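Please walk me through this structure in plain terms. I would like an explanation that goes from one part to the next.

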Protein chains: 2
Amino acid sequence: MDTIFNKVDAKGRVSLPSDYRAIVKELSTEIVCYRSLTAPCIEGCTEELLDKLATEIENATDFFSETQDNLTNLIFGDAKRFTFDSTGRIMLTEKLLKHASITDTAVFVGKGRKFQIWNPENWEKEEARIRAEALKNRPTLTRKTEGE
Amino acid sequence: MDTIFNKVDAKGRVSLPSDYRAIVKELSTEIVCYRSLTAPCIEGCTEELLDKLATEIENATDFFSETQDNLTNLIFGDAKRFTFDSTGRIMLTEKLLKHASITDTAVFVGKGRKFQIWNPENWEKEEARIRAEALKNRPTLTRKTEGE
DNA sequence: CTATACCTTATGGTATATCATGGGTTTTTA
DNA sequence: TAAAAACCCATGATATACCATAAGGTATAG
C-alpha cells in the first residue's frame, strides 16, 4: 500500500483508493473510521479488526472496570461505519475532517492492517518526522522486530 | 458505534439512531435502559445482553459475593424495557432523564454491544477526560491490547 | 517503437430513499 | 374524565445510490 492523494468534494466525499478497496472488498464493502488518539489524522480499518480489539479489551479488563468502560467509549463512541458505493467513495463526517484539518485533499497512508488519512501539509511534516525518528532508532528497531 | 446527537421533543420522545436500530431490529423492536452505576448517564442494550450480564454476575460470586445482591438490585431493579415505534422513537422516563440531566438533547454513545445516553455538556467533558486519560496510559494500553 | 483502443479509477452531478422531527389523532389507564 | 402514552401521517433535511464524464495507464496492433 502506498500513499495516495485524493480529492474531497464539497459534500465530504472521497474515493477510497482502489488498492485499499480491493483488500477490503474480499470481506465486505465497508470500513470503520475514527479519530486517531495521538495524531491529527483519521484512522481506518475493517470492522473485523475493531471487533478483535474490543474482544481483547473485554478479556484483558473486568466487565465493571473503569478501564473497560473508558476504552469502549473511546473506541466505539468515536468509530463509525462507512460503506462505499459502486464508485468506491465514502462520506466522511465533519468531526473526522475537522480533527484531521482536511478540507479539499485527503492523503491515504497505508499502515499494514489499517490506514490513516491526513491533511497533505500535516502528512508531509509527519513523514519527515517518522523518517528522522526511524533513522535514529534503527539499531533498536531491527533487534525488536526480528520476527517479521 | 458512533456518537449521535438527537432531540428530545416536548413529549419526551427521542429517535433511537438508525444504526443502533438496525442492529437491534434483527432480533426485536425493543431495548432495555437503566441508570448507569458509575456515570451520570443512561445505559441501553438488548435484553439478551442483560441476561448474559446476569449470568456473569452469578458466575463471579466468589469475587462479588458481597456486592452481588447490590448489583442485581441496582441493575435489574432499575432496568426497563422500551419499545420503539415505527418511526424508531422511544419515550424515556423522568427517572432516567433526571439521572442523566437530559432535557432537550440526548447524546447516544456507542459502546460496542451496548450504548450510553448523555447530556451533551456532560458527554463533552467525559469524552475529553477519557481521551486525556487514554493518552496518558497509552504505553500500558498498547502492551495489554496489542493494537490501538 | 509509436499510436490507438480499451480499461480502470477518480470526480462531478443528480435523483431517490432514508431519517429525524413535528404535529395530530386515537387508545389506554389512572 | 383527564392525562398520558401509543399510533399515524407529513415534511424538510440529508445521506445514499446511481449515472456520466474525464483522466491516467496499459496492452495490443500497426
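In chain A, A:R129 and A:E126 both sit in helix α5 (residues 120-144), three residues apart, which is about one turn of the helix. Helices (H or I, at least four residues) and strands (E, at least two) are DSSP runs, numbered from the N terminus. This is a predicted model, in which local features need pLDDT of at least 70 and side-chain atom pairs count only at pLDDT 80 or more, while totals for chains, interfaces and linings use all residues. Residues are numbered from 1 along each chain as its sequence is written, chains are lettered from A and ligands numbered from 1 in the order in which they are written, and side-chain values use heavy atoms, with hydrogens and water left out.

A:R129 and A:E126 form a salt bridge, their closest N and O atoms being 3.0 Å apart. A salt bridge is a side-chain nitrogen of Lys or Arg within 4 Å of a carboxyl oxygen of Asp or Glu. A:R129 is partly exposed, with a relative accessible area of 45%, whereas A:E126 counts as buried at 16%. Buried means under 20% relative accessible area, exposed over 50%, and partly exposed in between (1.4 Å probe, protein chains only).

Over all chains, the structure holds 19 salt bridges. Another one pairs the side chains of B:D2 and A:K80 at 3.8 Å, N to O. B:D2 lies in the segment before β1 of chain B and A:K80 in strand β5 (residues 80-83) of chain A, so this pair joins two chains. Both B:D2 and A:K80 are buried.

Helix α1 (residues 18-25) of chain A has A:Y20, A:R21 and A:V24 as buried residues. Seen down the axis of α1(A), they fall within an arc of 100°, so they line one face of the helix; the arc is that of the directions from the helix axis to the C-beta atoms.

The remaining topic is the DNA. Of the 24 residues around DNA strand C, A:K11, A:R13, A:R89, B:K11 and B:R89 come nearest; a residue is near a strand if one of its heavy atoms lies within 4 Å of it. By class, this surface has four nonpolar, eight polar and 12 charged residues. Here Ala, Val, Leu, Ile, Met, Phe, Trp, Tyr, Cys and Pro count as nonpolar, Asp, Glu, Lys and Arg as charged, and the others, Gly among them, as polar. A base oxygen of DNA strand C is 2.6 Å from an N or O atom in the side chain of A:R13.

Definitions and conventions. A polar contact is a pair of N or O atoms within 3.5 Å; within protein, one must be able to donate a hydrogen and the other to accept it, and residues adjacent in sequence count only if both atoms are side-chain atoms.
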